[in-house]
Amino acid sequence: MDRWVGKVAVVTGSSSGIGAAIAKDLAKAGMITVGLARRVERIEALKNELPADAAKRLHAFKCDVSSEADIDATFKLIEEKFGGVDVLVNSAGTVRSNNLLDHGTAADLRATLDINVTGLVLCSQWAYKSMVARSFDGHIVHINSIGGHLVPNLPKFNIYTASKHAVTAITETMRQELRDAGTKIKVTSISPGIVETDILEPLEGIAGMPMLQSEDISQAVLFAIGTPPRVQVHEIIIRPVGELF
């Protein structure tokens, strides 16, 4: 991680759960870390959980990644204040607990796709432009899901698994585009099984299942971005021991 000390990392969805753990660990690793979330006060509160030097490196920006206007304004501000984006971690995500055919609304569909898919791509576009403009070989990380590789037999996941399958395809599309553009920018998908976070609250059928902790996923991010420039870690699948699907 030495080459990332003093570089700029942007973490979406960093107000809680996986995103919060990632933001804290990147700041502790020496990166200037910009946490994005709608509940910006929660990012500010994370500073109390960090050593003083790391707390100074964590910056909270309010941003709703389902809004293109918010994304544009926020990444322009990051460029102005910090000079660019060296690492982007797309951690923002949502799930609506409804059956797909008989209860899901158009609003549920749009909310899930806007955050899990469209917002992820738009943030990645900004990071890519920043890296190319500065001829910097950065890293884009998507927090995907085991649901991006299979369809868990769990009720009311609605369009969530489809959105995560999209992230799997998007990661490979980006890898090919980054290669064809002649860059050495990396892209990595990290796919956890069930993680004990706030996103689980509306879901049914998961009580008592083995679960990962947010810090398990954060450590995978540190591993992926800490590899030598010649190494492309394309996909990491992390399951809790004893996972049922």
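Which residue forms a salt bridge with D86? Before selecting anything, note that this is a predicted model, in which local features need pLDDT of at least 70 and side-chain atom pairs count only at pLDDT 80 or more, while totals for chains, interfaces and linings use all residues. Residues are numbered from 1 along each chain as its sequence is written, and side-chain values use heavy atoms, with hydrogens and water left out.

Now select D86 together with R134, for R134 is the partner, and the closest N and O atoms of the two are 2.9 Å apart. The pair joins distant parts of the chain, 48 residues apart, with R134 in the loop between α5 (106-133) and β5 (139-143) and D86 in the loop between α4 (68-82) and β4 (87-90). Here a salt bridge is a side-chain nitrogen of Lys or Arg within 4 Å of a carboxyl oxygen of Asp or Glu, and the helices (H or I, at least four residues) and strands (E, at least two) are DSSP runs numbered from the N terminus. D86 is buried at 5% relative accessible area, whereas R134 is partly exposed at 33%; buried means under 20%, exposed over 50%, and partly exposed in between, with a 1.4 Å probe and protein chains only.

Next, select D25 and K28, whose side chains meet in a salt bridge of 3.4 Å, N to O. Both belong to helix α1 (residues 17-28), where they are three residues apart and so separated by about one helical turn. D25 is buried, at 12%, but K28 is partly exposed, at 47%.

A further pair to select is E243 and R239, where the salt bridge spans 2.9 Å from N to O. E243 counts as buried at 15% relative accessibility, and R239 is partly exposed at 41%. By the rule given above, the count comes to nine salt bridges.

Finally, turn to the strands and colour the open sheet, in which seven strands follow the order β3-β2-β1-β4-β5-β6-β7 with parallel pairing. The edge strands are β3 (58-62) and β7 (235-238), each of which pairs on one side only. Two strands pair if DSSP finds at least two bridges between them, and β1 (residues 8-12) and β2 (residues 32-37) pair in the parallel sense over five bridges. To see one of these positions, select V10, whose bridge partner in β2 is V34.
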